[in-house]
Amino acid sequence: MIALVDSDVDVQSSACGALGELGEKAATSEVISRLMTALRDSDEDVRSRACDALGQLGEKAATSEGINRLVIVLGDSDENVQPSAREALGKLGEKAVTNEMISRLVIALGDSNEDVQWSARKALWKLGEKAATSEVISRLVIALGDSNEDVRWSACEALRLLGEKAATSEVISRLVIALEDSNADVWWSACGALGKLGEQAAMSEVISRLVIALGDSDRYVRSSACQALGKLGEKAATSEVISRLVIALGDSDDDVRLSACEALGELCQKAATSEVISGLVIALGDSDKHVRSSACRALGQLGEKAATSEVISQLVIAPGDSDEYVRGRACQALGGLGKKAPTSEVVSQLVIALGDSDEDVRSDACEALVKLGEKAATSEVINRLVIVLEDSNEYVRRSACQALGELGEKAATSEVISRLIIALGDSYKGVRRSAYEALGQLGEKAATSEVISRLVIVLEDSNEYVRRSACRALGELGEKAATSEVISRLVIALGDSYKGVRWSACEALGELGEKAATNEVISRLVIVLEDSNEYVRRSACRSLGELGEKAATSEVISQLVIALRDSDEDVRSGACEALGELGEKAATSEVISRLVIALGDSDVDVRSSACGALGELGKKAATSEVISQLVIALGDSYKGVRRSACEALGELGEKAATSEVVSRLVVVLEDSNEYVRRSAWRAIGELGEKAATSEVISRLVIALGDSYKGVRRSACEALGELGEKAATNEVISRLVIVLEDSNEYVRRSACRALGELGEKAATSEVISRLVIALGDIYKGVRRSAYEALGQLGEKAATNEVISRLVVVLEDSNKYVRRSACRALGELGEKAATSEVIRRLVIALGDSYDGVRRSAWEALGELGEKAATSEVISRLVIALGDSDVDVRSSAHRALVKLDEKVAT
């Protein structure tokens, strides 16, 4: 402190720097006062270092006097002091947002000195939305009309930095006008600002003006227009915009082509047209490396629709590009194309990329292999990743650990586990952390005594992040890791000095399941509900919920009720979720009353969680007050709450199936949000036959034509759940039409619904269309079609159906084969032909136990005709099958055949 008034300016400057490095601990009133005095020092270096120090002291230094002094320093005569003052104000947070300070920063944006402009932008960026007050926005709107072009440009820049909170209709309108500014700098800055305002700015007028700007003579304007259109999201993904962006891919300017690639990538799947894909493929050969890199990234963002043979073949070549960024982006793109991309050629190229000379490319190759899913989990890939665990670069070693973890059980070989254990001793903490996490992800196979012992030791590592990762890994290993020693050490970790370790220990204990639900664990978690850190308290809530009914003691329930009043919204939300998971024991009148109060919480997540908890408590919570409050929640301003209210009413069952509830759910069927509409349909289905009114059925039929696939799917499911009352000719006819829906999940749900409607739906047309569905390209649809035919009973047991089901017993997908077995069994004695019996006997030797079980069950259902000596002999052999469920199915089949032969 004395050094701040030392006669030597170097000592004063060093003292300021030292105080700043001490951070909040040094933020006493005396220190702050001395630093404010230093802001008036005659030496510019002392003034600059004093600004830096005040910024580092944090919000405690954000007193009105301190802010005012820093605002004055914004006009300091020395250009090196001004940036320090701006940066300090940015670090002081919300308290520093005063009109005077914002005005100074806006003026600084138009300063002739680029360093001053840069520091002003940085300060506004740090303050971000906190600076987006109505008064500040009004000042900036006025500045957009200033006669000085630098001021207009600065206003555009400031609005861009303020983000979505500045997206008022007035701001958007004025920025559209700015697109006609005589100054090109203002024009391209206005484009950038409109892009940053996000989807709220995606109005037809804005989009039209940005499309016009794509043809501007100034390259910066064209580039900014591309960027803005990309940021506006799906609403901007019109055919005109996409076509113009494709044209921009051929622009003479590198930056414009680059921005066009980025924009098309950001518009995602709506932009995944053949024209766009072809344009991006051409861009992969661009002379500019940044354009090639951006084209790779865009193709990855377009997802599976872009996974054409042409795209994949071109991207496979790209990892051989001369530029490392292009090679890295090509790897990322191949990963982003999803499950359609993992051809042997793609996997081979990524394996080669694991040996690239650039560490970032090697790291990207690791991550891409993970995204390709199980098809990439070949022995070659796994072996190469094991080698990469010894890479010279720590980030690559870390990525290899992460990749092996993400590949899951297929990668859980003894060699992989052994090498990951070695990686636990890596000199770089990031590698150690990833190795622990990977061992956790490998599941039970990695839960060896050696791994568990090493993880227990690591709980005492000097690095808090490593200790946290060890906690997580133990939790992910599951019940096999739930030894008394592990549980005891995790209980100790609940008292760790680092909050991240404490909350990870909470989560791990919850994931270990019932074995961890000891009195000691429960008691300690109850204590942790009062931890000073909100994330730890929230994790304690969740863990108590995951421990289930064993944790549903009166003390736990009482403490969770108290947690419903916690000052932190995440803790309140976690308490709601935990009470719901504790089940019926927690369904006391006090708990229900407090959850009803939580339905009125100021935080949307708490309201949503309260809805969910009431639904999970089930019938005991189905009081008139709860139902009434959930009906009110159907009108909540937040879509997540409305959705949760729908789901809760559905879970409460028949008691909630009042005319008022059904009527309100019918109203919600017109909600603006597709997920809310979908949840409403599901709720109506779960309420059962009481909800099967003519109005509900009529609305469900209309919903089968909804523009959103999720709503169509839920409407199918609801019609199936409503039972026979919904089996009208109109419903059946519409479901038959839906069997040709463009979305596979909707087609699958239509199959299931027809099956659930039972014999009333067993018309020749339905059966004929379900037979056609047996040839659907999607296995899920095929499976559901088989199951539906089985549910339709004897009427569906036509020669054509039986013949198709027999063919399907050789389908390449094991789940489809299983469904075919089940369907044949459900068709009963009419399906008991010698061919069917012969093919089911062959299925008894299937490699998948689920098929073997279903084949036994089917033979049991076919009756006396299936009781041949060969079948009986095979059933006796099956009683010794390695799979307990197969043995059980064989036993049941023998009993059924014996009964049918005896009658």
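This is a predicted model: local features need pLDDT of at least 70, side-chain atom pairs count only at pLDDT 80 or more; totals for chains, interfaces and linings use all residues.
User: Okay, take Tyr395 and Tyr428. Are those rings stacked or edge-to-face?
Analyst: Edge-to-face, because their planes sit at 70° and anything over 60 degrees counts that way. The ring centres are 5.8 Å apart.

User: And where do the two residues sit?
Analyst: Tyr395 is in helix α23, residues 394-406. Tyr428 is in the loop between α24 (414-423) and α25 (429-441). The pair therefore ties together parts that are 33 residues apart in sequence.

User: Is Tyr395 buried, partly exposed or exposed?
Analyst: Partly exposed, since its relative accessibility is 41%. Tyr428 is partly exposed too, with a relative accessible area of 22%.

User: What about Tyr465 and Tyr498, how are their planes set?
Analyst: At 70°, so that pair is edge-to-face, and the ring centres are 5.6 Å apart. It links distant parts of the chain: Tyr465 belongs to helix α27 (residues 464-477), while Tyr498 is in the loop between α28 (484-493) and α29 (499-511). The two are 33 residues apart.

User: Why does Tyr498 count as buried?
Analyst: Because its relative accessible area is 19%, and buried means under 20%. Tyr465 has 29%, so that residue is partly exposed.

User: Switching topic: which residues touch the most other members of the largest nonpolar core?
Analyst: Leu175, Leu280, Leu560, Leu735, Leu770 and Leu840, out of 299 residues in that core.

User: Pick Leu840. What does it touch?
Analyst: Leaving out residues up to four places away in sequence, Leu840 touches Leu809, Cys821, Leu824, Ala855, Ala858, Leu859 and Leu862. There's also a second, separate core of 28 residues, and Ala26, Ala27, Ala62 and Val81 are among them.

User: Which residues does Arg244 touch?
Analyst: Val211, Leu214 and Gly215, again not counting residues up to four places away in sequence. Arg244 and Gly215 are 29 residues apart in sequence, and their C-alpha atoms are 9.1 Å apart in space.

User: Last topic: where does UniProt place "domain: TOG"?
Analyst: The unreviewed entry puts that feature at residues 126-334, 339-545 and 546-755.

User: What's the chain like over residues 546-755?
Analyst: That stretch is 66% helix and 0% strand, with its end C-alpha atoms 36 Å apart.

User: And which residues does UniProt list for "repeat: HEAT"?
Analyst: Residues 556-594, also from an unreviewed entry. In the model, that span is 69% helix and 0% strand, and its end C-alpha atoms lie 15 Å apart.

Notes: Residues are numbered from 1 along each chain as its sequence is written. Side-chain values use heavy atoms; hydrogens and water are left out. UniProt positions are given in the numbering used here, feature names are shortened, and annotations may be inferred rather than shown by experiment. Helices (H or I, at least four residues) and strands (E, at least two) are DSSP runs, numbered from the N terminus. A nonpolar core is a set of buried Ala, Val, Leu, Ile, Met, Phe, Trp, Tyr and Cys residues joined through side-chain atoms within 4.5 Å. Buried means under 20% relative accessible area, exposed over 50%, partly exposed in between (1.4 Å probe, protein chains only). Contact means heavy atoms within 4.5 Å. Rings of Phe, Tyr and Trp (its six-membered ring) pair if their centres lie within 6.5 Å; planes under 30 degrees apart count as stacked, over 60 as edge-to-face and the rest as tilted.
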